[in-house]
Amino acid sequence: MKTIIGSALIGTGLAAAALSLAIPAHAESAAITIGQLEAQGFDVKLDRVGSAPLNQCEVTDVRNPRERTELVRVGGRGDRDFIPVVVKRTVTVSLDCSR
């Protein structure tokens, strides 16, 4: 885990685990995969080959899950306890839209 004061970058273990649930062994429709990832709180970035409509695209990869966190003080002003709070989650979905 890499931590930066004020903002923290958390390892992607949890995000990777969540992504493994989103993509089964066979390729799903792009719309379903994107919807599942958005429901998990991800801002989904698309990387696509071809110009077919989204409903004709096939997911070829899901990569680069990232969480940006900020350290938030818990307790009163005298407390020095901080917890990381996720403020943004992003992931890239590669699509094959060439069919």
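This report walks through the strands, the disulfide, the salt bridges and one serine of the structure above.

## Before we start

Keep in mind that this is a predicted model, where local features need pLDDT of at least 70, side-chain atom pairs count only at pLDDT 80 or more, and totals for chains, interfaces and linings use all residues. Residues are numbered from 1 along each chain as its sequence is written, and side-chain values use heavy atoms, with hydrogens and water left out.

## How the strands line up

Let's begin with β4 (residues 58-74) and β5 (residues 81-97). β4 and β5 pair in the antiparallel sense, over 14 bridges; two strands count as paired if DSSP finds at least two bridges between them. They form a hairpin with six residues between them, and Gly75 in the turn has a positive phi of about 90°.

On its other pairing, β5 runs parallel to β3, joined by eight bridges. In this pairing, Leu46 stands opposite Val93 in β5. Over in β4, have a look at Asn64: its phi is near 60°, a positive value in a residue other than glycine. Asn64 is partly exposed because its relative accessible area is 39% (buried means under 20% relative accessible area, exposed over 50%, partly exposed in between, with a 1.4 Å probe and protein chains only).

## The disulfide

How many disulfides does the structure hold? There is one, and it joins Cys57 to Cys97, with 2.0 Å from S to S (a disulfide is a pair of cysteine sulfur atoms within 2.5 Å). This pair links distant parts of the chain: Cys57 sits in the loop between β3 (43-50) and β4, while Cys97 is in strand β5, 40 residues apart.

The link of Cys57 and Cys97 is right-handed, with 115° about the S-S bond. Are these cysteines buried or exposed? Cys57 counts as buried because its relative accessibility is 4%, and Cys97 is buried too, at 2%.

## Salt bridges

The structure holds four salt bridges (a side-chain nitrogen of Lys or Arg within 4 Å of a carboxyl oxygen of Asp or Glu). One of them brings together the side chains of Lys45 and Asp43, at 2.9 Å from N to O. Both partners are partly exposed: Lys45 at 41% relative accessibility and Asp43 at 30%.

Another is between the side chains of Asp47 and Arg63, at 2.9 Å from N to O. Here, distant parts of the chain are linked, as Asp47 is in strand β3 and Arg63 in strand β4, 16 residues apart. Then there is Glu67 with Arg89, whose closest N and O atoms are 3.1 Å apart. Glu67 lies in β4 and Arg89 in β5, so this pair ties together parts that are 22 residues apart in sequence. Glu67 is buried at 12% relative accessible area, and Arg89 is buried at 17%.

## A closer look at Ser94

Ser94 is found in strand β5, and Asp61 stands opposite Ser94. With a relative accessibility of 9%, Ser94 counts as buried.

Which residues does Ser94 touch? Not counting residues up to four places away in sequence, they are Asp47, Glu58, Val59, Thr60, Asp61 and Arg63 (contact means heavy atoms within 4.5 Å). The side chain of Ser94 also makes a polar contact with the side chain of Asp47, at 3.5 Å. A polar contact is a pair of N or O atoms within 3.5 Å; within protein, one must be able to donate a hydrogen and the other to accept it, and residues adjacent in sequence count only if both atoms are side-chain atoms.

Terms used
Helices (H or I, at least four residues) and strands (E, at least two) are DSSP runs, numbered from the N terminus.
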